[in-house]
Structures are given as structure tokens and as C-alpha cells.
Amino acid sequence: MIKFAFMINRIDGMTFEEFVEHHRNRHAPLFTSIPEARQYVKKYTVSHPVPAEGYPSPAYDGITEIWFESWADHDAFFASKNYKELVNPDESKFIDMNSVAVMVTEERVVI
């Protein structure tokens, strides 16, 4: 299983609340509405920081995790017409694309 963690920040002029609203209630449903999401994606999550006393301020406004069974599934999803025409154009409406950090991992459960 290949896990992608996209650490994202909001665009200039957007409040954190507006960012979370768009990410959770517009982008995530759009992402999951395309058939390729059900076909190729094993897990999809969106997360946002919460107050955590004693911890540093968050470096990002959100994290999107997308899990694929294989690189072939990853490639097929991101090459799909629905992703390119529907989902991808929405990303720049709320994400500062220049600040995105990505980590590609193979998760190993320890406990």
C-alpha cells in the first residue's frame, strides 16, 4: 500500500474556517464523487489542526491522505479525465499550490 500525505495551506485572503469548509464540504465530496476514486483509492482523509496546548503551532492548514494499492492505481487515478477536469481545477481555489509539501510512504503498523 502506498500512502501520500499532502500538507497544504490555504490561499491568500481565505480564512482558516473558509479553508476547512471548502476542503471538507466541497472538495472532499467532489473527490469522492468520481468513479475513479472508488475504483483506485483505498483510503482518503482530510484533516485540519485543532488547538493543542504545549505543542508548536501547526505548519500547515490541513493534510490530505490518499492511499493506493499500487503505483499503477495511482497513475490511473491522476491520469483520469474526471480527476483532471473536475477535481484538479478545484484544488487551486483553496490550496496555495506553491506551499504544498508531499510525503510518499509505505505504512508499517507497529502497534
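**Salt bridges in a predicted model**

Let me start with D61, which forms a salt bridge with R10, the closest N and O atoms being 2.7 Å apart, where a salt bridge means a side-chain nitrogen of Lys or Arg within 4 Å of a carboxyl oxygen of Asp or Glu. D61 sits in the loop between strand 2 (41-47) and strand 3, and R10 in the loop between strand 1 and helix 1 (16-33), so this pair ties together parts that are 51 residues apart in sequence; helices (H or I, at least four residues) and strands (E, at least two) are DSSP runs, numbered from the N terminus.

This is a predicted model, in which local features need pLDDT of at least 70 and side-chain atom pairs count only at pLDDT 80 or more, while totals for chains, interfaces and linings use all residues. Residues are numbered from 1 along each chain as its sequence is written, and side-chain values use heavy atoms, with hydrogens and water left out.

As for accessibility, D61 counts as buried at 12% relative accessibility, whereas R10, at 27%, counts as partly exposed; buried means under 20% relative accessible area, exposed over 50%, and partly exposed in between, with a 1.4 Å probe and protein chains only.

Searching the whole structure gives four salt bridges. Another of them joins K3 to E65, with the closest N and O atoms 3.5 Å apart, and it links distant parts of the chain, since K3 belongs to strand 1 (residues 2-8) and E65 to strand 3 (residues 62-68), 62 residues apart. K3 and E65 are both buried, and together with E107 they are linked in a network of salt bridges.

Finally, E106 and R108 meet through their side chains in a salt bridge at 3.3 Å, N to O; E106 is exposed, with a relative accessible area of 52%, and R108 is exposed as well, at 63%.
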